[in-house]
Amino acid sequence: VQQVYPAQKRKMTVQLNAFEIFDIAMQIEQNGSRFYNKAAEIFDDPEARKMFLRLAEWEIKHEQTFSSMRKQLSESNQEPGTFKPEQKLPVPKAMAGLAVFGIKSEPTDELKGTESQDEILRRAIEKEEDSIIFYDGLMDFIPIKADKDKIDDIIKEEMQHIRILNRLRKRKE
Amino acid sequence: MGMPFNADEVFEMAEQIEKNGAKFYRNAAGKFPELKQLLTDLAAMEDQHLKTFQSMRTELSGTEAAPPVFDPDGQAQMYLQVMADEHIFDIKADPSEKLASVEKPEDLLKMAIGIERDSIVFYVGLKESVSKRAGKDQVEAIIKEEIGHIAILRKKMDAL
């Protein structure tokens, strides 16, 4: 994925096509992975570090899932009469939300290394929440049941990440 | 993992979230006259969501006695449990109390977005847990509206 899709420059009337939506999803996962790798550098607790590195790996797996879904989309587009992913999609309310959360795919909120551990965990949970909301909105644009199920699984895994982060947060208290 | 919630309890939590949200917006409207209209409108919308959840719950209890939520792998249950955990999302806490430390409209809007975000994620978990018959589509509609609220709040923030 190239630099983040410029959703942040767009206003609420934004229209994205399916490719662009997948690009944002991939970017979210890349940013998430980078965030966790950085967090692993900051924490001294070996167990927490290990957990962050694992989380970083899991996010890369999600990115790969989105990437292969995007690829499939472009292949199916070669067949006549199929869904045209390059078509701009209509703008239901969820689309405004997609734009809102697309903004969060900006890598600007990278960790500086000066944040407290609690701040890092809080932000990690926030990021996970944003991705869950984005993927839930993304489901509206997925016509294939098998793909919907894959995204559903990713949502559940992100929920699991929140659980892990929450546990770490409790331990730090 | 236990099964901590049945559908009735989950809807009760959703109702509490909406009550908290409406109260937060009303109190904030009193504190920030420049945002009064927006905040009052948002409070009214949360009232509406509360009514939806209440009627869903009533309907559900009319058809069967507190059915367990549909959640074959227990993930959504687990998630609801996490969300209900006070460390992330204290449903019992009154978010209006947080208002005391908020001085700038920008901070208020940021806080409101955080509250909306928490509630949406809870509803995504809820949606995963309820069957179509129990009102999956209605939960979906509420999620979309809450996302709409974030869009409104964000627009206002940009305009400040």
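What percentage of the 160 residues of chain B count as buried? The share is 52%, where buried means under 20% relative accessible area, exposed over 50% and partly exposed in between, with a 1.4 Å probe and protein chains only. This is a predicted model, in which local features need pLDDT of at least 70 and side-chain atom pairs count only at pLDDT 80 or more, while totals for chains, interfaces and linings use all residues. Residues are numbered from 1 along each chain as its sequence is written, chains are lettered from A and ligands numbered from 1 in the order in which they are written, and side-chain values use heavy atoms, with hydrogens and water left out.

**Chain B as a whole**

- Chain B holds five helices and zero strands; helices (H or I, at least four residues) and strands (E, at least two) are DSSP runs, numbered from the N terminus.
- Along the sequence, the pattern of chain B reads α-α-α-α-α.
- Of the contacts (heavy atoms within 4.5 Å) in chain B between residues at least 6 apart in sequence, 81% join residues at least 24 apart.
- Chain B exposes about 7300 Å², and carbon and sulfur atoms supply 52% of that area; accessible areas come from the Shrake-Rupley method with a 1.4 Å probe, and for residues only the protein chains shown count as cover.

**Where H4 of chain A meets H4 of chain B**

- Helix H4 of chain A (residues 117-138) packs against helix H4 of chain B (residues 105-129) at an angle of about 55°, with the axes 10 Å apart; axes are lines fitted to C-alpha atoms, for helices over the stretch in contact, and angles run from 0 to 180 degrees between N-to-C directions.
- H4(A) is therefore oblique to H4(B), since angles under 35 degrees count as roughly parallel, over 145 as roughly antiparallel, 65 to 115 as roughly perpendicular and the rest as oblique.
- Among the residues that meet are A:Glu126, A:Ile132 and A:Asp136 in H4(A), and B:Arg117, B:Val121 and B:Lys127 in H4(B).
- The residues of this contact divide into five nonpolar, no polar and seven charged; Ala, Val, Leu, Ile, Met, Phe, Trp, Tyr, Cys and Pro count as nonpolar, Asp, Glu, Lys and Arg as charged, and the others, Gly among them, as polar.

**Two individual residues**

- A:Phe134 lies in helix H4 of chain A and is buried, because its relative accessible area is 1%.
- A:Phe134 and A:Ile21 are 113 residues apart in sequence and 9.5 Å apart in space, C-alpha to C-alpha.
- B:Lys51 belongs to helix H2 (residues 36-63) of chain B and counts as exposed, because its relative accessibility is 52%.
- Between B:Lys51 and B:Ala29, the separation is 22 residues in sequence and 21 Å in space, C-alpha to C-alpha.
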